[in-house]
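Student: I would like to learn how to read the features of a model residue by residue. Could we work through a case together?

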Amino acid sequence: MHCQELKKEFEELAFTYMDSIYSTALRLTRNTADAEDLVQDTYLRAFRFFNLFQPGTNFKAWIFKILTNTFINHYRKKSRTPQQVQFDKVEFMVKNEDVPETPEWTGFDEAKYGELFDDSVLGALTKLSDDFRMVVLLADVERFSYKDIARIIDKPIGTVMSRLFRGRRILQRTLEEYAREEGYLCES
């Protein structure tokens with residue numbers, strides 16, 4: 001297949017899922033800049049290996065597998081890499097000792113998720129481990145089947161079912177009071 005034809009076919013398939021990929025990346029990384037980097041890395045890898053995609057199979061599952069593998073690999077690399085110090089910031093803080101330190105917010109972009117999730121739900125999702133959060137998001141937000149999730153995270157279906165059950169159970173316990181206040185549960 002000619003390079004331009006390959007590029008056009010890839011764009012037609014891949015850009016259909018751009019919003020979904022980005023929102024999942026944002027939920028996984030909990031940071032806008034990291035999510036954008038993750039999406040970019042995902043699309044670069046997907047295009048590089050597009051010749052391995054089998055037409056007629058589930059493209060969405062294929063690209064989400066690339067997304068999750070990229071996230072996992074980056075997360076592992078990041079956890080093994082020692083924290084780097086930017087000396088110009090250290091120098092600034094040493095020279096200006098009177099300036100109070102302000103913590104940097106690295107959470108979800110609330111404006112984008114405010115419509116989809118309440119603060120309480122976002123807070124509960126962020127408390128889940130990456131393994132549980134990824135499966136819950138892929139199943140309940142992206143609506144992938146157990147089989148597709150198993151392929152995406154490269155785990156057996158039993159593991160997917162277990163993580164989904166446990167992740168939902170943790171969310172249920174975490175959000176029980178919220179559900180009562182919002183009228184989703186009746187007082188017992």
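Predicted model: local features only at pLDDT ≥ 70, side-chain atom pairs only at ≥ 80, totals over all residues.

Student: Is Leu 26 buried or exposed?

Tutor: Leu 26 has a relative accessible area of 0%, and therefore it counts as buried. As for its place relative to another part of the chain, Leu 26 and Glu 36 are ten residues apart in sequence, while their C-alpha atoms are 7.9 Å apart in space.

Student: How should I read a salt bridge, and how many salt bridges does the count come to?

Tutor: The general idea is that side chains of opposite charge can pair when their charged atoms come close. In this structure the count comes to nine salt bridges.

Student: Where do Lys 7 and Glu 11 sit in helix α1, and by how much of a turn are they separated?

Tutor: In general, an α-helix has 3.6 residues a turn, so residues three or four places apart point the same way. Here Lys 7 and Glu 11 are four residues apart in helix α1, residues 3-14, and are therefore separated by about one helical turn. Lys 7 is partly exposed at 38% relative accessibility, and Glu 11 is partly exposed as well, at 32%.

Student: Which residue forms a salt bridge with Asp 130?

Tutor: The partner of Asp 130 is Arg 30, and their closest N and O atoms are 3.7 Å apart. Because Asp 130 lies in helix α8 (residues 130-141) and Arg 30 in the loop between α2 and α3, this pair ties together parts that are 100 residues apart in sequence. Asp 130 counts as buried at 17% relative accessibility, whereas Arg 30, at 24%, counts as partly exposed.

Student: Which parts does the pair of Asp 140 and Arg 168 tie together?

Tutor: The closest N and O atoms of Asp 140 and Arg 168 are 2.4 Å apart in their salt bridge. Asp 140 lies in helix α8 and Arg 168 in helix α10 (residues 157-174), so the pair ties together parts that are 28 residues apart in sequence. Asp 140 is partly exposed, with a relative accessible area of 26%, and Arg 168 is partly exposed at 36%. Elsewhere, Arg 27, Lys 60 and Glu 142 are linked in a network of salt bridges, and Lys 60 also lies over the face of Phe 144, at 4.9 Å from the ring centre.

Student: How many of the residues of α8 are buried?

Tutor: Nine of its twelve residues are buried, so α8 is largely enclosed by the rest of the structure; among the buried residues are Phe 132, Val 136 and Leu 137. From its first C-alpha to its last, α8 reaches 15 Å, which is close to the 16 Å expected.

Student: How many aromatic pairs does a search of the whole structure find?

Tutor: The search finds twelve aromatic pairs. The rings of Phe 50 and Phe 53 have their centres 6.0 Å apart and their planes at 10°, so that pair is stacked. Phe 50 is buried, with a relative accessible area of 4%, and Phe 53 is buried at 8%. The rings of Phe 50 and Trp 62, by contrast, have centres 6.4 Å apart and planes at 65°, so this pair is edge-to-face.

Terms used. Residues numbered from 1 in each chain as written. Heavy atoms only, no water. Buried < 20%, exposed > 50% of the residue type's maximum accessible area, 1.4 Å probe, protein only. Salt bridge = Lys/Arg side-chain N within 4 Å of Asp/Glu carboxyl O. Helix = DSSP H or I, 4+ residues; strand = E, 2+ residues; numbered from the N terminus. Expected span 1.5 Å × (residues − 1). Phe/Tyr/Trp six-rings, centres within 6.5 Å; stacked < 30°, edge-to-face > 60°. Lys NZ or Arg CZ within 6 Å of the ring centre and 35° of its normal.
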